Amino acid sequence: MPDTSYDLVVIGSGPGGYVAAIRAAQLGLKVAIVEREALGGVCLNVGCIPSKALIHSASLFREGKAALEAAGAKVDLSGFDYAAVWRGSRKAADRLSKGVGFLLKKNGVEVLKGEAKLEGPRQVGVTGIGRVDAAAIILATGSRPKTVPGFEFDEATVLSSTGALMADSLPRRLIVLGAGAIGMETAFVMNAFGVDVTVVELMERVLPLEDAESAALVAKEFQRRGVKLLTGMKASRLERGASGVVLALSDREGAESSVEADRILVAIGRTPNTEGLGLEEIGIRLERGFVPVGAWQETQVAGVYAIGDIVSTPLLAHVASKEGEIAAERIAQLLKEGPAPAETHVDPLLVPNAVYCEPELASFGLSEERAIAAGRPHRVARFPYRGVGKAVATERPDGQAKLVLDPATGAILGASIVGAEATELVHELLVAARAELRLEDLADAIHAHPTLSELVMETARAGLGRAIHA
Ligand code: FAD
């Protein structure tokens, strides 16, 4: 039986919950974290980590094969076993989940295994354990794959992202419904391993939330590799048969068609885990299923905080972690008279978005379309990868970086990079935007040659009208 009274009880151990628990413990609070499944939440177990492990394997597989063939070798794939690749992704997930357990222990956070439900604004009931008291509570219960009637998951032929990540075999043909980050990353992996992939998207283009020019470059590369992209298509009906599925489609004009496959991944969004938690009973009213929060992630009920995928900020691991840190620091400030958190909330314009397919796409802030739609005065600076020596030397010359700038001050309002290592390169621009650096600071900082980081320097130089290699 654990102690029954804590300064803070965190419900859910995803990247929001475990970071909040550790930060609060570092600040001297007595903390417990409740988890009903594996430590690390969706991100570590059935999200970011195993998906990136598979993407890494898919890239090596594709590039290794291409490099050998380019050098005249005959590549013999007999004996190829996807289950071995898949086991590698599970190993990465398990290792990091154990790592979270280690970090929690090291910081003195008590782990309560069970399902939590609020029994009052200061009480949490945990299955198998009973009631624990808390001076403050952080809700970090995350989200699950969204489904719609007729498209319910059976995880055999109709897969959620979890089912797709837990499958240890490849289909011959796969339909991916939804061309957001999860859909496009899965399509990349499956295509690299030789699966016949069709992506179906309701909007007119893939990655509809990203800069249109960048998304078009991803689409072009996917098509070049043989992925079929059906955009502007409504999935109207799904038929399940013994040998797979048939998806009925209609376009904007109402013309009907269909596509067949062995399996379908339904990746059309996520639903917050807010049911059955006892929220309404303590006075928290949901908005479209999400928990509304104010400054420091505090809900309508004082002392109860909510972070991560259950609030309506972008459903991303790094957003969950930052919100966890803000809430933990606020609670420590109130309970231990600690320093105030540096921020009251996550600034949505400084949240990086990353899509890890090939080519990678990473962005933050205002896109050109959004600046136009909002009537925001702006100008755009671009620089192509082919002007960067390292990109050419390493045979990755496709793509570009694009900045949206304030025309008066040159301040960075947004950025979108599509191409090799974009998800790493974007952070130099993000730090510059956050620190309100001038374009000159990026342009005049000497960047090692040859590096892909020279792309950032040259894009800043392009913004100043003095790019050298374009
Ligand atoms: P979660 O990670 O969802 O964790 C919530 C935890 O709470 C779970 O472990 C759950 O078991 C537990 N829980 C829920 N209810 C209770 C209860 N009543 N009692 C006890 N425990 C409970 N984001 C990125 O930033 N980068 C990526 O590359 C990325 N890739 C992704 C790939 C996939 C396939 C998916 C599905 C998601 C991906 N995401 C990515 C999104 C990311 O995983 C989530 O944004 C992140 O996990 C949210 O963290 P969280 O702490 O809010 O909740």
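This is a predicted model: local features need pLDDT of at least 70, side-chain atom pairs count only at pLDDT 80 or more; totals for chains, interfaces and linings use all residues.
The ligand is surrounded by 39 residues, among which Gly 16, Glu 35, Lys 52, Asp 309 and Ala 317 are the closest. Sorted by class, this shell consists of 17 nonpolar, 15 polar and 7 charged residues. Several elements of secondary structure contribute to the shell. At least two residues each are supplied by strand β2 (31–35) and by the helices α2 (41–46), α3 (48–70), α5 (161–166) and α8 (317–336). Of the shell residues, the largest share comes from α2, which provides 4.

On the backbone side, an N or O atom of Pro 15 is placed 3.4 Å from a ligand oxygen, and a backbone N or O atom of Ser 143 is found 3.5 Å from an oxygen atom of the ligand. A side chain takes part at His 318, where a polar atom lies 3.2 Å from an oxygen atom of the ligand.

Helix α4 (residues 82–106) packs against helix α1 (residues 17–26), and the two axes are 9 Å apart at an angle of about 20°. Because angles under 35 degrees count as roughly parallel, α1 is described as roughly parallel to α4. The crossing of this pair, α1 and α4, is left-handed. Helix α4 also meets α3, the axes of the two helices coming within 8 Å and crossing at roughly 140°. This angle makes α3 oblique to α4. For α3 and α4 the crossing is right-handed.

The peptide bond between Glu 358 and Pro 359 is cis, with omega at about 0°. Pro 359 is located in the loop that runs between β18 (353–355) and β19 (360–365). A cis peptide bond also links His 449 to Pro 450, and here omega is about -5°. In this case the proline, Pro 450, belongs to the loop between two helices, α12 (439–444) and α13 (454–463). The remaining feature concerns Glu 395, which is not a glycine and yet has a positive phi of about 60°. Glu 395 is situated in the loop between helix α10 (389–393) and strand β21 (399–405).

Conventions: Residues are numbered from 1 along each chain as its sequence is written. Side-chain values use heavy atoms; hydrogens and water are left out. A residue is near a molecule or strand if one of its heavy atoms lies within 4 Å of it. A polar contact is a pair of N or O atoms within 3.5 Å; within protein, one must be able to donate a hydrogen and the other to accept it, and residues adjacent in sequence count only if both atoms are side-chain atoms. Ala, Val, Leu, Ile, Met, Phe, Trp, Tyr, Cys and Pro count as nonpolar, Asp, Glu, Lys and Arg as charged, and the others, Gly among them, as polar. Axes are lines fitted to C-alpha atoms, for helices over the stretch in contact, and angles run from 0 to 180 degrees between N-to-C directions. Angles under 35 degrees count as roughly parallel, over 145 as roughly antiparallel, 65 to 115 as roughly perpendicular and the rest as oblique. A crossing is left-handed if the near helix is turned anticlockwise from the far one by less than a right angle, and right-handed if clockwise.
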